[in-house]
Amino acid sequence: MAHSVRRDAPELPDFSLLKRLARDQLIYLLEQLPGRKDLFIEADLMSPLDRIANVTTLKQHDVDKLYKVEHKPIVSTSDQLCFLIRPRIKTVKWICDVVNADKAFGRFRRYKIIFSPQKFYACENLLEEQGIFGDVTTDEWSFYLLPLDDDIISLELPEFFRDYFLEGDQRWVRTAGSALHLLHSVYGPFSKVYGIGRCSKMAYESWREQVEEGEQRARQAEIGNVFLIDRDVDLVTPLCSQVVYEGLVDDIFRIKCGCVEFCPDVTSSDKSIKVMLNSQDKVFNEIRNEHFSQVFGFLSQKARNLQTAYDKRSGMDIKQMKTFVSEELKGLKQEHRLLSLHIGASESMMKKKTKQDFQELLKTEHSLLEGFEIRECISYIEEHINRQSYGIEHLLTFSNLKQLGLLVEQQPGETLTVMESRVGKLVNDKTAGKLTDAFSSLAKKSNFRALGRRLNLVPKSDEEYDLRVPRDMAYIFSGAYIPLSCKLIEQVLERDGWTGLEEVTRMLNGHEFAVTAGSNGSDARVKTDSQRIILVMFLGGCTFSEISALRFLGREKGLKFIVVTTAITNSARLLESMLDNHA
Amino acid sequence: MIRGKPDEDDYWNSSKFKAFTFDDEDDDFTRLKESKRAVNSIRSLVEEEDEEDDVEKVSWSGEPVGRKAKTGSFQSFSESFGDPSIRNYAPELRKPKSEYKDYVSDWTPEETVKRMQQGKVYSLEKFRSLQDKLLLLDEAVNAHDGNVITAVLIYLKKSLSKEILFRELITREIALRHYIHYLKEIGEQKLLVELFKSMDRTEDMALMQYRDHLNVRDENKKRDFLKNCLSFPFSPDDATHVQDHYTLLERQIIIEANDKQVESSGQADIFKKYPRKASILNMPIITTLYYSCFYHYGESDGTFSSPANIRKTFRISDKQFLLTCLGARAKLKAWFDVDALFTTKNWLGYTKKRSPIGFHRIVDILQKNNAPVQVLQDYVNLVEDVEQKISLAQKYKCHDVIINTYRDLKDRQQLIVYRGKVERGSSEYRKIEEILSNSQLRWKN
């Protein structure tokens with residue numbers, strides 16, 4: 001909107017190359033099973049696949065019918081089956097069943113499994129145990145990185161969070177290293193790598209190893225610096241309700257792979273429509289990073305401008321009208337469509353949020369962050385849990401806040417224990433297992449308060465915060481809180497390392513690093529440009545609010561941030577991944 | 001498939017293959033063609049290192065081998081190297097089979113792990129002594145690659161007795177967590193239970209077994225399953241929880257059977273007026289209480305389905321009970337019941353309205369259940385904080401409350417302002433007029 005953009009901000013690298021690489025490799029792999037074949041695709045690979053190839057591409061390479069993997073007996077009549085899946089035991093088990101059923105039926109087919117982004121030994125071992133190793137050929141589709149937008153790249157691996165942080169399984173560490181390696185070989189060489197967290201450190205090491213294994217071509221770097229961060233360094237930020245437009249849309253409608261489905265309520269028609277949300281959408285691009293309170297004003301201004309543009313027609317002669325129709329009308333119509341969509345979405349979100357006392361929820365969250373009126377906050381949350389106007393996820397939020405040290409000021413809470421045992425465990429009796437266990441594996445020492453003071457995360461509440469002219473990253477939470485993750489990034493870049501942040505890293509459990517990866521002596525201008533492009537990799541997911549905050553930081557400092565994340569997350573997704581309630 | 005092939009560098013640099021390298025220079029692909037038959041005869045030996053025999057067969061179609069690279073994308077550079085034919089062409093120069101095996105197995109734990117990470121051929125069979133197996137495991141853990149850690153664990157699972165493996169895992173936390181996750185994923189419940197047991201993690205064991213109730217569909221079987229769980233060594237907290245879970249399901253089964261019958265027989269009005277949308281089985285406790293307040297209000301404490309009995313059995317707090325009950329009765333527009341929820345009598349027999357929750361919240365809930373203004377205003381009136389009271393009254397258009405409050409505050413100015421907001425000639429307008437013209441009142445402004 002009205003942000004002053006520093007003119008010297010460098011251009012972002014072109015990430016469409018990543019899509020092309022992935023598409024070419026997929027075609028190559030499909031050709032490894034010559035002839036007509038049916039393709040079974042893992043449900044959560046469908047959207048990523050959609051972003052890089054279409055059905056025609058697949059058909060051109062002899063794919064006959066397409067099916068979604070549904071873990072049920074299949075109906076295909078093709079004598080060649082290809083499975084495009086994530087390396088998951090459950091899916092491989094299903095394939096084993098399919099193959100063995102064919103065998104029992106005396107039916108001969110050829111099978112191929114393409115694992116994305118890589119295969120696991122455990123999967124191959126299952127094929128062996130089920131007696132079909134050899135009947136089935138396997139391949140790897142190294143589709144590590146999906147560019148969701150000009151500055152967002154996702155690994156689309158939401159299970160990364162659960163596998164690593166809850167189960168303690170390091171199966172994706174090398175994957176993260178390989179993703180980094182891919183970026184390094186296409187857009188590097190990186191000159192400086194910073195990071196914090198155990199997983200970051202391991203991913204960094206894995207990447208270094210892969211660099212040493214392969215050969216490095218000398219090329220001009222497009223990305224100079226890298227920052228790796230573990231999600232568990234900052235779990236508070238993703239648990240906060242989002243109030244920046246894009247984050248709010250994600251919280252309410254759930255953006256999936258850069259695409260959102262707006263319900264009839266939004267489209268004010270009888271059907272819902274799917275909309276791509278990225279910088280190509282000119283209206284969205286201008287409001288995505290704005291605090292929600294600013295969006296209405298912007299949209300109505302935009303609507304007035306549009307009206308004026310349409311009104312120009314009235315005084316036109318035929319010739320002018322002709323030019324207008326051929327040159328402007330299409331653009332105006334497009335803008336009109338987008339505008340009405342986002343106005344519809346805003347209205348719908350307003351309605352939903354008013355209904356659930358959003359204002360009070362925010363007030364409570366902010367008080368918790370400030371460590372203020374904790375008792376009132378607790379009774380507020382308790383009541384909402386009692387009324388069940390909150391879902392189980394909010395209950396967990398509560399318990400999590402306690403473990404994170406946000407609620408330490410409360411005397412060892414009888415309220416909490418009673419509530420947890422009564423509600424937490426019985427509200428959803430499907431929630432088997434000890435939730436608290438899951439949390440204690442996440443919990444850090446109660447350091448949030450001290451960190452907040454040291455890093456000035458919570459601005460003084462008595463000052464007015466003008467959301468129209470944000471003065472710092474706190475604007476993404478209405479001026480109440482600067483996200484810890486982004487603050488760390490800002491501080492480390494400013495200091496070019498961790499010097500002076502010793503106390504902070506100690507409270508965050510250490511594992512911080514800053515390594516000069518050795519840069520080549522390319523010409524000075526290019527070098528400085530790439531130095532101001534910073535790739536931030538979130539291991540375990542990041543939120544749209546954090547991305548907005550980094551975009552803000554970039555504008556302030558004349559930097560460009562590229563966010564690489566294992567998946568886009570938010571409070572609901574984070575907590576759902578902790579619920580282990582599937583049989 | 002390319003990853004499945006042995007690393008060329010290792011081949012050419014290894015001293016054992018010196019003779020091989022030497023001869024390489026004399027050879028070319030033409031000779032290869034001639035010895036095709038001989039090569040085919042040793043395919044069984046080669047297959048161990050090549051997963052992809054289909055492709056091989058294709059490439060053996062008699063065409064020059066180099067042609068195959070034409071399909072290659074960025075992977076293709078390794079194809080010309082990796083093509084198995086290059087190293088298989090001279091059977092007479094190959095080491096005897098036994099020696100070849102030796103060679104494959106000569107990698108150190110470190111090399112083996114590295115090869116596994118890179119997807120190259122490896123062999124774990126040579127790691128036979130316990131010490132070697134553990135060295136390999138520790139090396140995998142040091143490499144931070146979960147995929148390899150699990151692969152090694154699968155090998156150890158096959159080649160060590162579980163007692164020994166469990167014992168060694170106790171001191172290896174990272175490997176242990178991978179093992180537990182692996183067993184969970186492949187669904188080896190029994191082994192997992194044994195693992196927990198051997199490590200004295202009996203609570204984990206109990207929870208693991210309890211978790212299996214998710215797989216039981218039939219409600220009676222599930223109830224029996226839960227009953228069986230009661231004897232497991234849970235922590236005290238969990239034990240209470242499981243007991244509650246069992247009691248709840250047992251009760252839901254009884255209620256469901258009864259209500260289903262009553263509903264279909266058409267005996268009770270309440271079911272006719274508000275047909276049940278779903279069965280109560282497996283619903284959470286609060287939903288069950290709500291259901292009970294909705295369909296079984298006023299039943300005596302003795303019946304399983306009565307709100308009072310559920311409240312007592314599951315030790316539901318006052319606040320929680322009130323909120324749930326309020327929601328249910330308000331939904332039915334049973335305003336008398338709502339009223340009764342808050343009415344208490346003191347020892348002199350006076351009645352007074354009390355609530356464990358602020359009345360402003362009660363107003364909120366009632367309003368969401370479409371309570372009429374006459375009902376709402378009673379509760380708005382009970383809000384203690386005057387400002388809050390007025391703002392709520394304004395929000396819900398409880399004119400009487402506002403007017404009376406301003407009158408009690410003797411705030412003539414506000415009353416005049418408010419007169420401007422109501423409809424001229426309406427009853428509230430007349431009421432304001434009446435008060436303003438009352439000469440008895442002493443206004444503060």
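A:Lys302 counts as buried, because its relative accessibility is 17% and the cut-off for buried is under 20%. That is a computed value from a predicted model. The residue sits in helix α13 of chain A, which covers residues 292-311. Beyond its neighbours within four places in sequence, A:Lys302 is in contact with A:Glu286, A:Glu335 and A:Leu339. Two of these partners, A:Glu286 and A:Glu335, count as charged by residue type.

A:Gly197 is another buried residue of chain A, with a relative accessible area of 5%. A loop holds A:Gly197, between β8 (192-196) and α8 (198-213). What does A:Gly197 contact, once neighbours within four places in sequence are left aside? The partners are A:Asp230, A:Val233, A:Gly510 and A:His511. A:Gly197 and A:Glu512 are 315 residues apart in sequence, yet their C-alpha atoms are 6.2 Å apart in space.

Now take chain A as a whole. It has 25 helices and 14 strands. Of its 583 residues, 60% count as buried. Take the contacts in chain A with a separation of 6 or more: residues 24 or more positions apart account for 79% of them. Chain A exposes about 24,200 Å², and carbon and sulfur atoms supply 50% of that area.

Two backbone details in chain A deserve a look. The peptide bond from A:Ser116 to A:Pro117 is cis, with omega near 0°. A:Pro117 lies in the loop between β4 (110-115) and α5. The second detail is at A:Arg254, where phi is near 65°, a positive value in a residue other than glycine. A:Arg254 belongs to the loop between α10 (245-253) and β10 (259-262).

Chain B has 29 helices and 2 strands. Buried residues make up 47% of its 445 residues. In chain B, residues 24 or more positions apart account for 54% of the contacts with a separation of 6 or more. The chain exposes about 23,800 Å², with 50% supplied by carbon and sulfur atoms.

One stretch of chain B carries an annotation. An unreviewed UniProt entry lists residues 130-226 as "domain: Vps16 C-terminal". Over residues 130-226 the chain is 80% helix and 0% strand. The end C-alpha atoms of this stretch are 41 Å apart.

B:Arg315 has a phi of about 50°. This residue is found in the loop between α21 (307-313) and α22 (318-331). B:Arg315 is partly exposed, with a relative accessible area of 38%.

Finally, turn to the cavities. The count comes to 11 cavities of 30 Å³ or more. Which residues lie nearest the centre of the second largest cavity? They are A:Phe120, A:Ala122, A:Arg171, B:Thr150 and B:Glu185, out of 13 lining residues. Both chains therefore contribute to the lining. The elements that give two or more residues to it are α5 (121-129) of chain A, along with α12 (146-159) and α14 (173-186) of chain B. By type, the lining residues of this cavity divide into 6 nonpolar, 4 polar and 3 charged.

Methods: Residues are numbered from 1 along each chain as its sequence is written. Chains are lettered from A and ligands numbered from 1 in the order in which they are written. This is a predicted model: local features need pLDDT of at least 70, side-chain atom pairs count only at pLDDT 80 or more; totals for chains, interfaces and linings use all residues. Side-chain values use heavy atoms; hydrogens and water are left out. On a 1 Å grid over the protein atoms alone, a cavity is a set of points where a 1.4 Å probe fits but cannot get out, and a pocket is an open set with protein on both sides within 12 Å along at least five of seven lines; lining residues have an atom within 4 Å of a point. Grid points are joined across faces, edges and corners, and a volume is the space filled by probe spheres set on the points. Helices (H or I, at least four residues) and strands (E, at least two) are DSSP runs, numbered from the N terminus. Buried means under 20% relative accessible area, exposed over 50%, partly exposed in between (1.4 Å probe, protein chains only). Contact means heavy atoms within 4.5 Å. Accessible areas come from the Shrake-Rupley method with a 1.4 Å probe; for residues, only the protein chains shown count as cover. UniProt positions are given in the numbering used here, feature names are shortened, and annotations may be inferred rather than shown by experiment.
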